[in-house]
Every structure is written in C-alpha cells, then in structure tokens.
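Dear colleague,

Please find the structure below, handed over for your review.

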Amino acid sequence: MAAIKLLAPSALIFIQNLLPIPTNGNPKGEQNIVMMNHMLFDLCIKYKLFFVDAFNSFMNSKGSYRNLSLFPKYNAAKKFWDIHPNARGMGVLARHYIFLIHSRRFNPLAYSVSRVD
C-alpha cells in the first residue's frame with residue numbers, strides 16, 4: 001500500500017470485499033468470509049482506501065448466505081461449487097463498478113455486512 005501511495009499519491013484505490021462463496025462443508029466457512037471482509041474494511045479505514053461492498057448484493061432475498069442464481073450450478077462431476085459469479089452475477093457486480101465510475105459522491109465508508117460473532 002505504501003508503495004502505491006508513494007508512486008501515485010493522488011490515485012483512488014478501491015478494495016472490493018469477498019463475495020459469499022460456498023462453504024463446502026466447512027462449518028465456519030461463512031463466518032470466515034464475513035471476518036475477512038471486516039478485516040478488509042478495517043484496512044481500508046487505516047490506509048484511507050475506498051471499500052466496495054458487493055457482498056450484500058449476492059445474498060439471497062430471504063437473508064440466507066448465498067444467492068445461488070448468481071453463481072454456476074453445483075458441478076457434480078467435480079464435486080464443488082464454483083466461487084466465481086455466472087453471467088447474471090457479473091451483471092450485478094458490473095452495476096457496482098458502473099456506479100463507482102459515474103458517482104461523484106461515493107461514500108467509502110458505506111459498509112453494511114453484519115458482524116458474525
């Protein structure tokens with residue numbers, strides 16, 4: 001971070017949080033992702049970087065962990081869920097970045113992921 005600030009002091013640096021990924025049977029998987037997102041947010045505050053909260057846009061409308069319609073279906077042959085968004089999910093992510101590009105009043109502290117204790 002210090003090197004970027006030194007080389008490009010006026011650059012706006014954006015850090016996106018992790019999307020809800022499949023836990024693959026790990027009972028603490030969801031909690032680990034949320035905790036990592038909190039760590040990223042804290043680093044953004046410390047280094048005065050912009051934080052992009054895409055996590056909540058990938059949540060199910062019922063409040064469950066992951067909106068499955070935004071990710072590829074389970075691959076039974078490989079026995080895993082893909083962590084990358086599908087075409088519909090990429091559209092959701094693109095809207096975040098389009099908003100950032102066209103917004104003059106972006107709030108870098110707009111953070112809404114609930115803490116998991």
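Of the 117 residues of the protein, 31% count as buried. Please note that this is a predicted model. The accessible surface comes to about 8,100 Å², and carbon and sulfur atoms account for 61% of that area.

As to the fold, the protein contains 3 helices and 2 strands, which follow the pattern α-β-α-β-α when read along the sequence. Among contacts between residues at least 6 apart in sequence, 62% join residues at least 24 apart.

In soluble globular proteins, nonpolar side chains tend to be buried together. In this model, the largest nonpolar core has 7 residues in all: Leu19, Ala54, Phe58, Leu70, Phe71, Val92 and Leu93. Another core, of 6 residues, lies apart from it and includes Ile13, Phe41, Cys44 and Phe51. Ala54, a member of the largest core, is in contact with Gln16, Asn17, Leu19, Leu93 and His96, leaving aside its neighbours within four places in sequence.

The surface also has a nonpolar feature. Leu18, Met36 and Met39 make a nonpolar patch of about 260 Å² there. Leu18 is found in the loop between strand 1 (14–16) and helix 2 (29–47). Is Leu18 buried, partly exposed or exposed? Leu18 counts as partly exposed because its relative accessibility is 33%, and the partly exposed class lies between under 20% for buried and over 50% for exposed.

Yours sincerely

Definitions and conventions. Residues numbered from 1 in each chain as written. Predicted model: local features only at pLDDT ≥ 70, side-chain atom pairs only at ≥ 80, totals over all residues. Heavy atoms only, no water. Patch = residues over 30% accessible without salt bridge, like charges linked within 9 Å, V, L, I, M, F, W, Y side chains within 5 Å. Areas by Shrake-Rupley, 256 points an atom, 1.4 Å probe, with all protein chains shown as cover. Salt bridge = Lys/Arg side-chain N within 4 Å of Asp/Glu carboxyl O. Helix = DSSP H or I, 4+ residues; strand = E, 2+ residues; numbered from the N terminus. Buried < 20%, exposed > 50% of the residue type's maximum accessible area, 1.4 Å probe, protein only. Core = buried A, V, L, I, M, F, W, Y, C linked by side-chain atoms within 4.5 Å. Contact = heavy atoms within 4.5 Å.
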